[in-house]
Amino acid sequence: QVQLVESGGGSVQAGGSLRLSCAVSGRTSSSATMGWFRQAPGKERELVARISRIGGYTYYTDSVKGRFTISRDNAKNTMSLQMNSLKPEDTAVYYCAARDRDTGQYDYWGQGTQVTVSS
């Protein structure tokens with residue numbers, strides 16, 4: 001099993017910045033690509049960004065490109081999401097997730113952390 005714990009959410013005004021962190025514990029060797037998802041009220045959960053375990057290859061959804069940066073430290077078993085130039089539409093619960101290396105699915109999830117951006 002892999003356990004994920006997010007931290008760093010909060011409230012900020014538009015244009016501000018927040019940094020989310022995800023601590024990974026347990027069978028960390030079971031996790032491959034990791035990602036950040038978010039879910040706003042009344043909307044489906046969406047993938048915000050992901051990063052590969054090897055090589056650090058990244059993907060960003062169009063709405064956050066140039067504003068968010070995902071990173072990971074495999075030695076420390078952590079992943080981060082630096083969010084700059086935040087907009088009210090970034091308001092959501094953000095989840096850290098990890099793909100299982102065997103199933104290829106996002107089988108491991110954190111509890112979520114609230115990010116609120118006011119205009």
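**Reading the nonpolar core**

Reply: A nonpolar core is a set of buried Ala, Val, Leu, Ile, Met, Phe, Trp, Tyr and Cys residues joined through side-chain atoms within 4.5 Å, where buried means under 20% relative accessible area with a 1.4 Å probe, protein chains only. In this predicted model, the largest nonpolar core has 28 residues, of which Leu4, Leu81, Met83 and Tyr94 touch the most other members. At least two residues of this core come from each of β1 (2-7), β3 (18-26), β4 (31-39), β5 (46-51), β7 (68-73), β8 (78-83), β9 (92-100) and β11 (113-118). Strands here are DSSP runs of E, at least two residues, and helices are runs of H or I, at least four, numbered from the N terminus.

Me: Which residues does a separate second core include?

Reply: This core of 5 residues includes Leu47, Tyr95, Ala97 and Tyr106.

Me: With which residues is Met83 in contact, leaving aside its neighbours within four places in sequence?

Reply: Contact means heavy atoms within 4.5 Å. Met83 is in contact with Gly16, Ser17, Leu18, Leu20, Arg67, Phe68, Tyr94 and Val115.

Me: How many helices and strands are there in the protein chain?

Reply: The protein chain has 0 helices and 11 strands. Buried residues make up 44% of its 119 residues.

Me: On what conventions do these values rest?

Reply: Residues are numbered from 1 along each chain as its sequence is written, and side-chain values use heavy atoms, with hydrogens and water left out. As the model is predicted, local features need pLDDT of at least 70 and side-chain atom pairs count only at pLDDT 80 or more, while totals for chains, interfaces and linings use all residues.

Key:
Buried < 20%, exposed > 50% of the residue type's maximum accessible area, 1.4 Å probe, protein only.
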